[in-house]
Amino acid sequence: MKLIILDHYFQASEWAAKYIRNRIIQFNPGPDKYFTLGLPTGSTPLGCYKKLIEYYKNGDLSFKYVKTFNMDEYVDNTHILNGNAADLQAECDAFEKKIKAAGGIELFVGGIGPDGHIAFNEPGSSLVSRTRVKTLAMDTILANARFFDGDLTKVPTMALTVGVGTVMDAREVMILITGAHKAFALYKAIEEGVNHMWTVSAFQQHPRTVFVCDEDATLELKVKTVKYFKGLMLVHNKLVDPLYSIKEKEIEKSQSSKKPYSD
């Protein structure tokens with residue numbers, strides 16, 4: 001497990017975006033080899049998404065051979081998971097089959113709630129759960145009211161969500177945790193044991209988990225824990241430095257395809 005600690009939200013977002021960029025480019029996706037990416041909703045990943053858009057517009061990153069799966073969707077909207085499907089369980093089962101057909105998720109990116117839930121796997125969710133219909137806790141409804149003009153009556157009370165087990169099946173997981181209001185959840189995820197009341201803690205048991213956070217999110221951690229992981233940043237920063245570019249890959253390909261001059 002890696003814990004990446006940056007000074008503030010924007011640095012954490014940029015580090016996460018750089019990591020995703022490098023993973024995609026190093027994977028070298030193509031028409032017969034797609035990079036499959038699991039993505040979260042919510043406000044935490046917005047900074048990361050803005051950087052990825054910037055990389056794309058600059059020509060440094062391509063999503064041509066990238067497949068994405070959303071972590072969750074409210075039961076009143078239509079995106080990746082269809083919250084308006086006539087048979088919601090069939091929709092969830094089909095989603096699992098699509099992930100399997102795509103060869104599984106290469107990198108699942110997730111955010112968490114203040115109560116430590118990932119996707120909509122609320123406290124008490126099974127740690128081996130699959131994509132399903134989930135009733136939302138009041139804390140989650142209150143937290144998400146900001147997306148519905150602060151009107152609680154407009155916030156859906158149910159959602160479709162990937163399960164903890166679905167995310168655990170990914171070959172790698174990156175969790176974004178920022179802000180003081182997520183500090184206790186990060187403490188539960190890092191310093192205490194695996195607990196279904198804090199579903200994010202399940203990723204202690206994943207062989208390749210990267211937690212990316214800002215200073216505010218570390219407020220509940222022990223000083224020695226923070227110092228330990230900060231001491232590893234010289235090593236962990238090598239994951240994003242050098243920062244690869246698709247333009248450099250194209251130049252390398254064009255140079256290697258040129259035939260040497262001969263008589």
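Contact, as used in these legends, means heavy atoms within 4.5 Å. The structure is a predicted model, in which local features need pLDDT of at least 70 and side-chain atom pairs count only at pLDDT 80 or more, while totals for chains, interfaces and linings use all residues. Residues are numbered from 1 along each chain as its sequence is written, and side-chain values use heavy atoms, with hydrogens and water left out.

**View 1. The protein chain as a whole, with 9 helices and 9 strands.** Helices (H or I, at least four residues) and strands (E, at least two) are DSSP runs numbered from the N terminus. Along its principal axes, the C-alpha trace spans about 75 × 50 × 35 Å. Of the 263 residues, 49% are buried, where buried means under 20% relative accessible area, exposed means over 50%, and partly exposed lies in between (1.4 Å probe, protein chains only). Among contacts between residues at least 6 apart in sequence, 78% join residues at least 24 apart.

**View 2. Helix H6 (residues 183-190) and its cover.** Because 7 of the 8 residues of H6 are buried, this helix is largely enclosed by the rest of the structure. The buried residues are Ala183, Ala185, Leu186, Tyr187, Lys188, Ala189 and Ile190. What covers them includes strands E1 (2-6), E8 (173-177) and E9 (209-214), together with helix H7 (223-230).

**View 3. Thr166 in helix H5 (residues 164-168).** With a relative accessibility of 4%, Thr166 counts as buried. Leaving aside residues up to four places away in sequence, Thr166 touches Glu96, Ile99, Phe108, Ser129, Arg130 and Thr131. For Thr131, the backbone nitrogen lies 3.5 Å from a polar atom of the Thr166 side chain.

View 4. Most residues other than glycine have a negative phi, and most peptide bonds are trans. Asn28, in the loop between helix H1 (9-27) and strand E2 (35-39), has a positive phi near 55° without being a glycine, and it is partly exposed, with a relative accessible area of 41%. Ala119, in the loop between strand E5 (107-111) and strand E6 (132-135), likewise is not a glycine and has a positive phi of about 55°, but Ala119 is buried, at 8% relative accessible area. Asp241 and Pro242 are joined by a cis peptide bond with omega about 15°, and Pro242 is found in the loop between helix H8 (233-236) and helix H9 (246-257).

Definitions and conventions: Polar contact = N/O pair within 3.5 Å; in protein donor to acceptor, adjacent residues only side chain to side chain.
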